[in-house]
Number of protein chains: 2
Amino acid sequence: MKTIVLLFILATTIATSHGLDLDHGKENKIVPRELKAFSSAHYERDIRCSSWRLGVETNNIIRFKTVPAKCKDYIRNYFLGDQSRADTKAVLSEAYSYAKSLDIIKGANYTWVFDIDETLLSNIEYYADRGFGTIPHNATDFNKWIEKGKLPALPHSLKLYNKLLALDIKIAIITERPETQHKITVKNLWNVGYRKYAKIIFKDTKKEIYKGKTTLVYKLAERKKLEKEGFKIIGNIGDQWSDILGTSTAVRSFKLPNPLFYVA
Amino acid sequence: MKTIVLLFILATTIATSHGLDLDHGKENKIVPRELKAFSSAHYERDIRCSSWRLGVETNNIIRFKTVPAKCKDYIRNYFLGDQSRADTKAVLSEAYSYAKSLDIIKGANYTWVFDIDETLLSNIEYYADRGFGTIPHNATDFNKWIEKGKLPALPHSLKLYNKLLALDIKIAIITERPETQHKITVKNLWNVGYRKYAKIIFKDTKKEIYKGKTTLVYKLAERKKLEKEGFKIIGNIGDQWSDILGTSTAVRSFKLPNPLFYVA
């Protein structure tokens, strides 16, 4: 009995520290819970879900509608464990090292472009309540959530934002949110600490110039406009490849992790 | 005693199945080996090395000279465990799904670009003997290895290569290897099964047109030449972002994992 208890404690500790999910004992009462957690099936699943996540982050896996159902626990553990925060921190620390290395010329309009959702602000609470990306996107439901204006800042993004301002770098925000969400967005940003920026650009749904266009096309067109206005885009950060690829790209771009959804 | 033995067996099994390294008991005789393997220091290290690897794969961390010394065991486990193979397989399976989805027009010169090192052929044996990327690159030593012409194929790349040929897609190989390695390279490729390609392009060191230029500049210039010659580049695959980014890009590009070294 002592052995079993010790085994269970060790297994639980290791499983938790490796972000594994132990809550899988319901279907099969014969296999003890603490052993089942380490079955080869679990191991295989985590290996494959890790490959899936890497595929998404490297732009190899594109246009996915939902997170694969079998990866729900894996993605939940990714966010609730330490890995997601560590990954985000690593990107933002690299971004700051780059910014610091620049020879900033005063008044030269050096500009850093930020995306909003999953970059400045986090919707993780929304997705946590809806299966961590495994449920198809519902625009009505999502817009209701956005309209609450209660999104928290990604802590490391806020730090970078303030550090860039201190370096005399201008901020331009380009979001795929529509102009109708302008007011609530600015309020939400203000409340969590994003208060100073040279530009904030919404996907103008009134003029419909970007109707049917991808976010990639919209964002590169807006970056081009910024360049024409005299902004020198030295940095760009977003959670989607469509935030940073294309033309009029920044001198250096940074891709924040986001294995929850895909925006073309 | 029975408990300790059981704990050790369980710990070893779990550690191995999670690609952890148990061989760390040398410095400290007080902490038992099987417990030390799961210390928080190890956990923290693996989290941070995982973030480092993701940073490299997503082009956030660039121009690194060596793999961080503290990540040597992590990177070794990545290659000797199942994750590296699974990651590679996921990319190549995505690439094939894309190729299959195309409406291939006979005689339309649809072309797929391949890189050689860490894409068609693997140097993992070389790096395994030299600290898994933690030792600075030595060109003389590396060229000696290449000149042996004994590199194995990446099995999943060879599969994709043959499947693309079967789909009537042409192959173009662009490598940063110099023209002086032309003969041994072709021989090596032939011996492991890469026998049919429309083009093989080496970084021409004689004309010195690319001297001092990055691989990115060389490769995009060569892709542009291919386009002018009538090749329609529908796919491109490499282990470095410099293989696929820039202009004259393929309709879709694929980034194979490589946390060992960086080529600008």
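Helices (H or I, at least four residues) and strands (E, at least two) are DSSP runs, numbered from the N terminus. This is a predicted model, in which local features need pLDDT of at least 70 and side-chain atom pairs count only at pLDDT 80 or more, while totals for chains, interfaces and linings use all residues. Residues are numbered from 1 along each chain as its sequence is written, chains are lettered from A and ligands numbered from 1 in the order in which they are written, and side-chain values use heavy atoms, with hydrogens and water left out.

In chain B, helix H5 holds B:Lys89, a residue that is partly exposed at a relative accessible area of 49%; here buried means under 20% relative accessible area, exposed over 50%, and partly exposed in between (1.4 Å probe, protein chains only).

Turning to charge pairs, a salt bridge is a side-chain nitrogen of Lys or Arg within 4 Å of a carboxyl oxygen of Asp or Glu, and by this rule there are 30 salt bridges over all chains. A:Glu57 is buried at 0%, and A:Lys255 is buried at 4%.

In chain B, the side chains of B:Glu222 and B:Lys225 meet in a salt bridge of 3.0 Å, N to O; because they lie three residues apart in helix H10 (residues 215-228) of chain B, about one helical turn separates them. B:Glu222 is buried at 8%, whereas B:Lys225 is partly exposed at 37%.
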